[in-house]
Amino acid sequence: MTREGYRASLDDLRADVRALGDDALTQLDDGLTALETGDDDLAEAVIDGDAEINDRYLELEGDCVDLLALQQPVASDLRFVAASFKILTDLERVADLATNLGRYALAAERPADEVDVRAIGADARDQVAAALDAYEAGDAEACRAVAARDDELDAHCQRASERVVRDLLEGEAGEDSWAVERVLDDVSRLLLTIRDLERVGDHGVNVAARTLYMIETDPELLY
């Protein structure tokens, strides 16, 4: 491969990682909409779409391995390829969590309205999107900003979980044991939804951490 071809391969990898991230975020958006509206068709589309994300993830991992094995990059190029390899895993897991939302939407008997899942999801989505922007631009300060705002998302998720449990304890399901079972099922799904959205934000922090190390060899966000 010529030097020009090698640089083009690195540029293509950056663009492909960003594209996979954007598609994972689209999956997340659709999963949140399915939860909010009870749209079973959209939920099924999110679940079915995960296979394509997985295939592209494996293909891009293969591209990273080829660059490492065949081109033997050094210094900043080596950090870029290694970071991209790690970031791909986080993006694939964001898509997996979006698939979970689709499954929760199908299982729920009614849209979730006890807490503002859409707002939590928007915060988590913004965290991943900001991390992708930082990766694409090579912006170290933007990486630190992503990590700094994670505490806000964690607190939002904590408050939402506490509200769900409080509503369960204060509510009345009557004497019907099946009614109690349905309430518990709904509560369990909602708590899992909040947990998964918090994890989406965590993956955004991971993307920012790998990007910061790529740019400055600074491991402060890795631990």
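A residue is called buried when its relative accessible area is under 20%, and exposed when that area is over 50%; anything in between is partly exposed. The model discussed here is a predicted one.

An α-helix has 3.6 residues a turn, so residues three or four places apart point the same way. At the N-terminal end, D139 caps α5, with a side-chain oxygen 3.2 Å from the backbone nitrogen of E141.

C143 has a relative accessible area of 0%, and C64 is likewise buried at 0%. A disulfide is a covalent bond between the sulfur atoms of two cysteines. A search of the whole structure finds 0 of them.

Next comes the interior. In soluble globular proteins, nonpolar side chains tend to be buried together. The largest nonpolar core in this model has 62 residues, and L28 and L91 have the most contacts inside it. Helices α1, α2, α3, α4, α5, α6 and α7 each supply at least two residues of this core, and the largest share, 13 residues, comes from α3. Beyond its neighbours within four places in sequence, L91 touches V17, L20, G21, A24, V128, L132 and V207.

D77, in helix α3, is buried with a relative accessible area of 11%. Leaving aside neighbours within four places in sequence, D77 is in contact with R3, Y6, R7 and L10.

Charged side chains are the last topic. Side chains of opposite charge can pair when their charged atoms come close. The model has 11 salt bridges. One of them joins R18 and D22, at 3.1 Å from N to O. Both residues lie in helix α1, 4 residues apart, or about one turn. R18 is buried at 13%, whereas D22 is partly exposed at 31%. R18 and D22 also belong to a network of salt bridges with D133 and E136.

R56 and D23 meet at 2.3 Å; R56 is in helix α2 and D23 in helix α1, 33 residues apart. E36 and R118 form a salt bridge at 3.2 Å. E36 lies in helix α1 and R118 in helix α4, so this pair ties together parts 82 residues apart in sequence.

How values were computed. Residues numbered from 1 in each chain as written. Predicted model: local features only at pLDDT ≥ 70, side-chain atom pairs only at ≥ 80, totals over all residues. Heavy atoms only, no water. Polar contact = N/O pair within 3.5 Å; in protein donor to acceptor, adjacent residues only side chain to side chain. Disulfide = S-S within 2.5 Å. Buried < 20%, exposed > 50% of the residue type's maximum accessible area, 1.4 Å probe, protein only. Core = buried A, V, L, I, M, F, W, Y, C linked by side-chain atoms within 4.5 Å. Contact = heavy atoms within 4.5 Å. Salt bridge = Lys/Arg side-chain N within 4 Å of Asp/Glu carboxyl O.
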